[in-house]
2 protein chains.
Amino acid sequence: MSQITESNDLTLEDSMLEMGQRARAASTRLGTITAEQRTTGLNAMADALEAAESLILDANGRDMAAARDKGLSDAMLDRLALDPERISSIARAVRDIARLPDPVGAEIARWSVPSGLDIARVRTPLGVIGIIYEARPNVTADAAALCLRSGNAAILRAGSESLQSALAIATALRSGLKGAGLPMDAIQLVDTPDRAAVGHMLAGLQGQLDVIVPRGGKGLVARVQADARVPVIGHLEGLCHAYIDSDAAPEKAVSLVLNAKMRRTGICGALETLLVNRSLAQTLLPAIAAPLRDAGCELRGDEAARVILPEMTSASEEDWRTEYLAPVLSVRIVENLDEAMQHIAMYGTGHTELIITENSTTAERFLAQVDAGIVLHNASTQFADGGEFGMGAEIGIATGRIHARGPVGAEQLTIFKYVVRGTGQTRP
Amino acid sequence: MSQITESNDLTLEDSMLEMGQRARAASTRLGTITAEQRTTGLNAMADALEAAESLILDANGRDMAAARDKGLSDAMLDRLALDPERISSIARAVRDIARLPDPVGAEIARWSVPSGLDIARVRTPLGVIGIIYEARPNVTADAAALCLRSGNAAILRAGSESLQSALAIATALRSGLKGAGLPMDAIQLVDTPDRAAVGHMLAGLQGQLDVIVPRGGKGLVARVQADARVPVIGHLEGLCHAYIDSDAAPEKAVSLVLNAKMRRTGICGALETLLVNRSLAQTLLPAIAAPLRDAGCELRGDEAARVILPEMTSASEEDWRTEYLAPVLSVRIVENLDEAMQHIAMYGTGHTELIITENSTTAERFLAQVDAGIVLHNASTQFADGGEFGMGAEIGIATGRIHARGPVGAEQLTIFKYVVRGTGQTRP
């Protein structure tokens, strides 16, 4: 991880470009190795992580001390902290990724055409992926492992709070690669907190960076969206809605809303706004509100909802636009499915949207017409997760409209090419 | 097509934003109609094109007169010119697209997970697609029809040379949509030659534009690449190579190279650089050169090639980087497959690359390792075409690395969402 510190005579821009060239060279080599070699590399990375436990904990201790000095919140400190158990859980996640099916070279489709050509659509790596993320040190290993599983080289940019931990983890991962005979530069981490490094990545490192994946808060994502000159697979806001239809089963509605909102409030699949069909609201809303309040959730309602539950605070226009990521739920009474879908079209972020109903016709209309990466019928929005989808691991949930939507796993970090086999055909 | 001319009080920016909002509204409606309705719309568009023949020919006459005044080349004038036969061929292409399978709502995959959730990955439209193109008037109909087949709204920006023709065609298409009861604003064409309109499109029309597809020369594509704030499905350069391996069948090599270079020299799949294995060059190169020269092709060779054919002009570094789109071929002698693949990695544009060999092991190495949208074995590069691939029609050949590579047809103008059906599951 020393390409920058070893070359003090290089400017940051030069060293970033060099990093890009090394990544490209590594990515080209990754394209010529087998799935088994990638699997061996991943397991070696996991072993190396466990072997480097004390180095990683030392580095994490330095990050934690600096974070305490800066007065970071307890929640932030908890996210940043590593211990032996967390390190072995990071290594376990890498081993899980090693067991995932390798997508590279898989034939997605194959057909013949009248000219006699045999055409196959075959998965290939994207190339070089830049991942820009914030505090959690485990992202370093997760992202690097997913990139390797899919045959991609990774250029990682950690947040300054977790930089020492990330460097120690990346050093371990690289030594694992080296031990397995794979190119170390398949995983590189920017080893300076200088924010200008992000600017160079967003500019694309002179064509060496193929895709950027931002993982972090709104500020980071907004900057990436605004400045990237490279395609972005965006993990943006998750302003998730649940619509309780007139044909909902009340007890299901109560448990689904409680789970969707409160299981974990800080994740992107957490429920933020509840839309309740007027016909059920009078009886159902109090039944939903009681366990939420017991669990410490604040409710903010529109006028109609506050007629039913006057103790709710009043929801403003701003509430409909806010991803709380906290124990707060906004509540609106709607007349029907169409009004619910209009609200979602207006305020949704294309992440995860839920309908609760026993009427399958209504459910199918919602599932077909609501435009989001994930649309759910009678299941908690907290299932919005690559692991829960059987994809093994994810680098995030994409809310954009191209390349991939929903959980982005190894398969979604590939593209395809057409392999055409002929017998000398010329085109008339 | 009058949203701008009718509202002289609006600035260009305002009217472009309004166009974006109308497109979004149309795109939302397109998401709720059936495949049959889209098919009906497409056939109505084709009928309307034929009914508007004289209006379209009048408009084309104005474009042609202006183009002659500007001194456009004969090739440009030929591309621009319409006649009754060309108009019916444009209508026929729209009817062909009407017969294509409708991709929207198709289930790509479906599986269950241990929690009992039923998960389906289902194709959905991209949303609103901006297409920025140059002279050929037929692109207006082709692009609009492919967008409608895939459930997308289109905002079209024609080149100024073909603007009158494009407006007449777009007006016909919109009247076809209207007659079929579909939203006219699913197809809109920017009705001003003001180049600032392109800038507004590249900025994304405040989130109303989901993807931009540029179709045109290097200058246009470079501008789109540099300035787009929206994902681009890029139709860039096609600097295509053929590598003649030591195990090539000579007669196949002669006919494939002649066809790949000379069938049509102006298309992106035309061959530009020939790489010949040294072991065959002495005998094969003269056999390849003779019919090429008879067909009017200039050859430019490296030093080794010029030893064999001294009448060739000398190829410079610039030649290896040039997409001639003309009857010119650069020729280089290489030692082996690896040197050929290195040349392609260095100078290729990720479009279409060909190996000519009877050795299937060598062929498979080339097909696996060469990084391009299309890799071919023993078939002309001129097959790089959605129609030849059985995809019906294409909006271009993508040379980028995300979302789609190779021919971009109706299916490639879609994305997917996850439809999750549960029975009340909460996440533990």
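A residue is called buried here if 20 or more other C-beta atoms lie within 10 Å of its own, with C-beta atoms placed from the backbone. The views below show a predicted model.

**View 1. Helix H1 of chain A and the elements that cover it.** Helix H1 (residues 12–30) of chain A has 19 residues, and from its first C-alpha to its last it reaches 26 Å, close to the 27 Å expected at 1.5 Å a residue. The buried residues of H1(A) are A:Ser15, A:Met16, A:Met19, A:Gly20, A:Arg22, A:Ala23, A:Arg24, A:Ala26, A:Ser27 and A:Leu30. Among the elements of chain A that cover these buried residues are strand E2 (118–125), E3, strand E4 (153–157), strand E5 (187–189) and helix H8 (196–203).

**View 2. The open sheet of chain A.** In chain A, 4 strands form an open sheet with parallel pairing, in the order E5-E4-E3-E6. E5 and E6 of chain A stand at the edges and each has a single partner strand, so one side of each is left without a neighbour in the sheet. From one strand to the next, the twist averages 20 degrees. Helix H6 (residues 138–149) of chain A lies across E3, E4, E5 and E6 of chain A and runs at about 160 degrees to E4(A), while helix H7 (residues 163–179) of chain A lies across E4 and E5 of chain A, running at about 160 degrees to E5(A).

View 3. Strand E3 (residues 128–133) of chain A is joined to E6(A) by 5 bridges, and the two run parallel. A:Ile129 has A:Val211 of E6(A) as its bridge partner, and A:Gly130 stands opposite A:Ile212 in E6(A). In a regular strand the side chains alternate between the two faces of the sheet. On one side of E6(A) are A:Val211, A:Val213 and A:Arg215, on the other A:Ile212 and A:Pro214, and both faces are covered, with all of these residues buried. Because 5 of the 5 residues of strand E6 (residues 211–215) of chain A are buried, the strand is largely enclosed by the rest of the structure.

**View 4. Packing of helices H2 and H5 in chain B.** Two packed helices are described by the angle between their axes and the distance between the axes. The axes of helix H2 (residues 35–51) and helix H5 (residues 84–99) of chain B come within 8 Å and cross at roughly 175 degrees. Since angles over 145 degrees count as roughly antiparallel, H2(B) and H5(B) are therefore roughly antiparallel to each other. H2(B) contributes B:Thr39, B:Leu42, B:Asn43, B:Met45, B:Ala46, B:Leu49 and B:Glu50 to the contact, and H5(B) contributes B:Ile87, B:Ser88, B:Ile90, B:Ala91, B:Val94, B:Arg95, B:Ile97 and B:Ala98. The residues of this contact of H2(B) with H5(B) divide into 10 nonpolar, 3 polar and 2 charged.

**View 5. The contact between chains A and B.** Chain A gives 56 residues to the contact and chain B gives 56 residues. On the side of chain A that touches chain B, the elements that give two or more residues are helix H10 (250–262), helix H15 (360–369), strand E13 (374–379) and strand E16 (414–425) of chain A. E16(A) gives the most to this side, with 11 residues. The residues of the side of chain A that touches chain B comprise 24 nonpolar, 22 polar and 10 charged. Across the contact, E13(A) pairs with strand E16 (residues 414–425) of chain B in the parallel sense over 5 bridges, and the bridge partner of A:Val375 in E16(B) is B:Val419.

Key
Residues are numbered from 1 along each chain as its sequence is written. Chains are lettered from A and ligands numbered from 1 in the order in which they are written. This is a predicted model: local features need pLDDT of at least 70, side-chain atom pairs count only at pLDDT 80 or more; totals for chains, interfaces and linings use all residues. Two residues are in contact if their C-beta atoms, placed from the backbone, lie within 7 Å. Ala, Val, Leu, Ile, Met, Phe, Trp, Tyr, Cys and Pro count as nonpolar, Asp, Glu, Lys and Arg as charged, and the others, Gly among them, as polar. Two strands pair if DSSP finds at least two bridges between them. Axes are lines fitted to C-alpha atoms, for helices over the stretch in contact, and angles run from 0 to 180 degrees between N-to-C directions. Angles under 35 degrees count as roughly parallel, over 145 as roughly antiparallel, 65 to 115 as roughly perpendicular and the rest as oblique. A residue is buried if 20 or more other C-beta atoms lie within 10 Å of its own, exposed if 12 or fewer, and partly exposed in between; C-beta atoms are placed from the backbone. The expected span of a helix is 1.5 Å times one less than its number of residues.
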